[in-house]
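The points follow the structure shown here.

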Amino acid sequence: MKFFIDTADLNEIRDLAATGLLDGVTTNPSLIAKAGGDFLETVKEICDVVPGDVSAEVTATDYHTMVREGQRLAKLADNVVIKVPLTMDGLKACKTLRNEGAKVNVTLCFSSAQAILAAKAGATYISPFVGRLDDIATSGMDLIADIVQIYDNYPDIETEVLVASIRHPLHLVEAARMGAHVATLPPAVLRQLFNHPLTDKGLAAFLADWEATGQTILEESEAASATAGRG
Ligand code: G3P
């Protein structure tokens, strides 16, 4: 399963990219507005930091302008993925941009019918929003299960299911259980995945027992400079 992070915050992106666990980034106009920088510059910088796919969304709603915007975004870097909304014009733009060789992420998907249309349009990714469905008392994860099953019925479908609007670690675990290809995680949720109280408790016990032995793995001088470097 690929891990993307859902943010335009470059500090977060640099920090999490350093873990080596990131396969890509997704942004949207709200995340760009929140980060506060120039859109095109921000996308370029993100593409430099993360070698994987970086989604940048068009803001027009008509076919012709979406295609023009998509073409401009595609020129920013080789790893830009054009994000278009799941509308009739959006899917027309998806088809055109795919024919031109760009990758396209079709966003704002809330039904299996929409996901079938996106696959027909040749989308590289379909982004169903699980959290926003949960917010209206409809199971977001049921939608993921349905789309994964439908796409599995047709081996020629290459569209990858990119689970978006993730709100907590269980969304990610369930998405993995269902075989979704990608999860885009808010940075805070990605950080939460590392945590387990038994890990903390077990590590504290190991370290206390180790300290009692009075030994070091590194030479003493090396251990001292490593500790100083961390401080
Ligand atoms: O980037 C699209 C999606 O992940 C948005 O999530 O939390 O605004 O519903 P959210």
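Is Phe 110 buried, exposed or partly exposed?

1. The model is predicted. In it, Phe 110 is partly exposed, at a relative accessible area of 32%; this value lies between the limits of 20% for buried and 50% for exposed, so the intermediate class applies.

2. Two aromatic pairs are present in the structure. One of them joins Phe 4 and Tyr 125 in an edge-to-face arrangement, with 5.7 Å from centre to centre and 80° between the planes. Phe 4 belongs to strand β1 (residues 2–6) and Tyr 125 to strand β6 (residues 125–128), so that distant parts of the chain, 121 residues apart, are linked by the pair. Phe 4 and Tyr 125 are both buried.

3. Phe 110 pairs with Phe 129: the ring centres are 5.5 Å apart and the planes meet at 65°, so this pair is edge-to-face. Phe 110 is in the loop between β5 (103–109) and α6 (112–120), while Phe 129 is in the loop between β6 and α7 (130–135); the pair therefore ties together parts 19 residues apart in sequence. Phe 129 is buried, with a relative accessible area of 7%.

4. Thr 107 is located in strand β5 and is buried, its relative accessible area being 1%. Apart from neighbours within four places in sequence, the contacts of Thr 107 are Glu 57, Lys 83, Val 84, Pro 85, Leu 86, Ser 127 and Phe 129.

5. A charge placed over a ring also deserves mention: Lys 92 lies over the face of Tyr 63, 4.6 Å from the ring centre.

Conventions: Residues numbered from 1 in each chain as written. Predicted model: local features only at pLDDT ≥ 70, side-chain atom pairs only at ≥ 80, totals over all residues. Heavy atoms only, no water. Phe/Tyr/Trp six-rings, centres within 6.5 Å; stacked < 30°, edge-to-face > 60°. Helix = DSSP H or I, 4+ residues; strand = E, 2+ residues; numbered from the N terminus. Buried < 20%, exposed > 50% of the residue type's maximum accessible area, 1.4 Å probe, protein only. Lys NZ or Arg CZ within 6 Å of the ring centre and 35° of its normal. Contact = heavy atoms within 4.5 Å.
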